[in-house]
Amino acid sequence: MDRTPSERADVCVVGAGPAGALVASRLAGDGRDVVVLEAGPRFDFESRQRRMEESIRPAHEGSVWGMGGPRDAYSASGDRYYPLNVARVKGVGGTTLHWQGMVMRYHPSDFDGGHDNDDPAWPIGYDDLRPYYAEAERALGVAGDDDNPFAPAREEPFPMPGFPPSYSDSLFADACEELGITMHSVPNARNSEGYDDRSACVGYGTCQPVCPSGAKYDASATIEDAEAAGARVIDRVPVQRVETDGQGRATAAVYATPDGEEHRQTAREFVLAAGGVEIPRLLLLSRSEAHPDGLANSSGLVGHYFMDHLFAGAGGSLGRRTRQNHVGFITSECHQFYDDPGQAVERVDDGETVVPASDAALSPIKLEFLNYAGPSPVELALSAERWGDDLLGDLREAYGNRIAMGGLVGQPPRKENRVTLDTSTTDDHGNPVPDIKWSWGERLGRTMSRANEIQHAVLAELGADVDWTVGPENTGPAYHHMGTTRMGTDPDESVVDPELRTHDVGNLSIASSSVFVTAGSLNPTLTIAALALKCADHVDERL
């Protein structure tokens with residue numbers, strides 16, 4: 001394809017994931033000349049079934065989306081190792097090409113700092129994002145039911161009806177009722193019926209890492225909308241730096257093409273939408289005489305306050321079939337312990353009360369009822385030592401009776417958690433790679449333990465034989481990168497303002513979870529989408 005710059009552009013968007021796609025589609029639809037620069041390739045839709053088959057082969061290793069190698073090199077020098085490339089995709093569609101697809105609105109308490117006195121408030125509130133949340137749900141195509149008593153109020157129905165609860169959800173329901181725990185449905189960005197020229201979910205069950213049918217939303221669909229409205233999307237052109245003029249305005253995004261050439265894309269406005277790791281990296285790579293510490297970094301906070309969600313879970317087996325692995329996504333959750341994680345759980349059978357070990361502050365807890373617990377029959381067969389009818393009998397006995405709960409716990413913002421440049425390691429263009437310095441903290445550990453207590457109480461009520469727990473010492477990230485260019489009104493304490501424009505560079509905006517002030521404990525993509533639409537409106541106003 002022609003990868004030379006456009007002669008004229010009102011807006012240059014860096015990144016073709018959900019945020020960049022929504023910004024480009026909105027602005028192109030408003031008649032603006034938009035150019036999108038994407039570091040990764042454009043994946044053929046027809047290749048998805050092959051990628052699915054590749055992913056489930058027992059011998060398969062690595063990413064079916066081509067992640068790895070010098071292009072995607074990184075360092076992780078913090079107290080906790082951060083496996084960055086496990087769950088990101090560079091390409092048109094971004095990480096939504098292999099995400100789980102769960103989309104929920106953040107609670108008002110997430111914005112007002114209500115979870116703990118140490119949590120700063122956002123400079124915007126839930127009501128500021130409410131109309132954008134509704135628009136984001138329509139843009140992504142969200143299937144949901146308004147049955148969550150703990151969710152913030154909404155004024156409009158979901159675009160599509162929600163998915164019914166799975167069979168194993170029904171098993172959990174009786175145990176939760178005995179404990180006074182409320183289950184409810186999960187909004188999903190996947191079609192429960194035909195929507196936006198995409199089919200209803202057909203149940204491949206391989207949602208992660210690939211949806212062959214296209215029923216699950218990914219941002220390549222929005223990129224197609226942007227292109228239909230006149231936007232130009234250039235793939236395989238990683239941006240090397242953003243240049244500025246003597247007046248402190250961004251003038252060009254310098255990008256490299258596959259043949260090694262560098263080009264300058266000029267524009268009136270620039271929007272960075274490359275995610276919570278690559279955005280701070282790009283700003284730090286864009287240092288100059290006028291910006292010696294990196295672009296938009298007069299506060300010194302670019303890269304700081306890196307946050308993620310941590311997984312908490314427990315599971316085991318039941319003396320009956322649970323029909324696990326029949327559904328590739330979560331259909332039921334519990335947000336009862338989100339705004340009140342310390343509330344007691346009463347076990348009816350023995351009168352035991354499950355309460356936190358201390359009254360110290362806890363983060364919000366989101367509980368999940370998993371539909372994919374335990375190994376698949378293929379995994380069991382490959383690890384077996386018997387053959388033929390003996391193996392078949394073992395599989396019938398061992399498969400299908402697993403049960404598990406999961407959940408997310410958000411990290412409080414910690415300044416020492418940050419993305420920096422590792423000058424000792426370079427990518428395929430000779431640039432320092434991102435280095436993630438990551439640690440957890442005591443509050444996260446307390447909340448993980450609390451989540452495990454609730455999960456164990458539910459599983460015990462269900463009669464499960466619990467044989468694994470993921471908790472404070474053996475957990476890992478949900479790969480929700482947040483917080484590295486935080487939003488605020490004080491230029492000394494933040495990187496972007498409430499309009500998502502950087503304090504230092506008047507025509508440079510950021511549409512990403514990197515602007516999050518706190519992490520909450522809910523999947524962030526719908527909030528990313530809402531903020532992207534808000535950002536696009538502000539850019540349009542300035543043009």
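Is D33 buried, partly exposed or exposed, and what is its relative accessible area? D33 is partly exposed, with a relative accessible area of 34%. Here buried means under 20% relative accessible area, exposed means over 50%, and partly exposed lies in between (1.4 Å probe, protein chains only).

The structure is a predicted model, in which local features need pLDDT of at least 70 and side-chain atom pairs count only at pLDDT 80 or more, while totals for chains, interfaces and linings use all residues. Residues are numbered from 1 along each chain as its sequence is written, and side-chain values use heavy atoms, with hydrogens and water left out.

**Salt bridges**

The structure holds 37 salt bridges. A salt bridge is a side-chain nitrogen of Lys or Arg within 4 Å of a carboxyl oxygen of Asp or Glu. Three of these pairs are listed below.

| Pair | N to O distance |
|---|---|
| D33 and R8 | 2.2 Å |
| D10 and R268 | 3.1 Å |
| R402 and D467 | 2.9 Å |

The side chains of D33 and R8 meet in a salt bridge. D33 lies in the loop between α1 (18–29) and β2 (34–37) and R8 in the segment before β1 (11–14), so the pair ties together parts that are 25 residues apart in sequence. Helices (H or I, at least four residues) and strands (E, at least two) are DSSP runs, numbered from the N terminus.

D10 is joined to R268 by a salt bridge. Because D10 is in the segment before β1 and R268 is in the loop between β7 (262–266) and β8 (269–272), this pair ties together parts that are 258 residues apart in sequence. D10 is buried, at 3% relative accessible area, whereas R268 is partly exposed, at 38%.

R402 forms a salt bridge with D467. This pair links distant parts of the chain, with R402 in strand β15 (residues 402–410) and D467 in strand β18 (residues 465–470), 65 residues apart. R402 counts as buried at 17% relative accessibility, and D467 is partly exposed at 48%. Elsewhere, salt bridges that share partners join R71, D72, R88, K90, E278, R281 and D427 into one network.

**A negative surface patch**

D196, D197, E224 and D225 form a negative surface patch. Patches are made of residues with over 30% relative accessible area and no salt bridge; like charges are joined within 9 Å, and nonpolar side chains (Val, Leu, Ile, Met, Phe, Trp, Tyr) within 5 Å. D225 counts as partly exposed, at 39% relative accessibility.

**Buried residues**

D235 lies in the loop between β4 (232–234) and β5 (239–244), and is buried with a relative accessible area of 8%. The side chain of D235 makes a polar contact with the side chain of R3, at 2.7 Å. A polar contact is a pair of N or O atoms within 3.5 Å; within protein, one must be able to donate a hydrogen and the other to accept it, and residues adjacent in sequence count only if both atoms are side-chain atoms.

C211 is placed in the loop between β3 (184–185) and α6. C211 counts as buried, at 11% relative accessibility. C211 and D2 are 209 residues apart in sequence and 30 Å apart in space, C-alpha to C-alpha.

G316 lies in strand β10 (residues 313–317) and is buried, with a relative accessible area of 0%. G316 and N401 are 85 residues apart in sequence, and their C-alpha atoms are 8.5 Å apart in space.

Terms used. Accessible areas come from the Shrake-Rupley method with a 1.4 Å probe; for residues, only the protein chains shown count as cover. Lys and Arg count as positive and Asp and Glu as negative; His and the chain ends are not counted. The place of a charge is taken as NZ of Lys, CZ of Arg, CG of Asp or CD of Glu.
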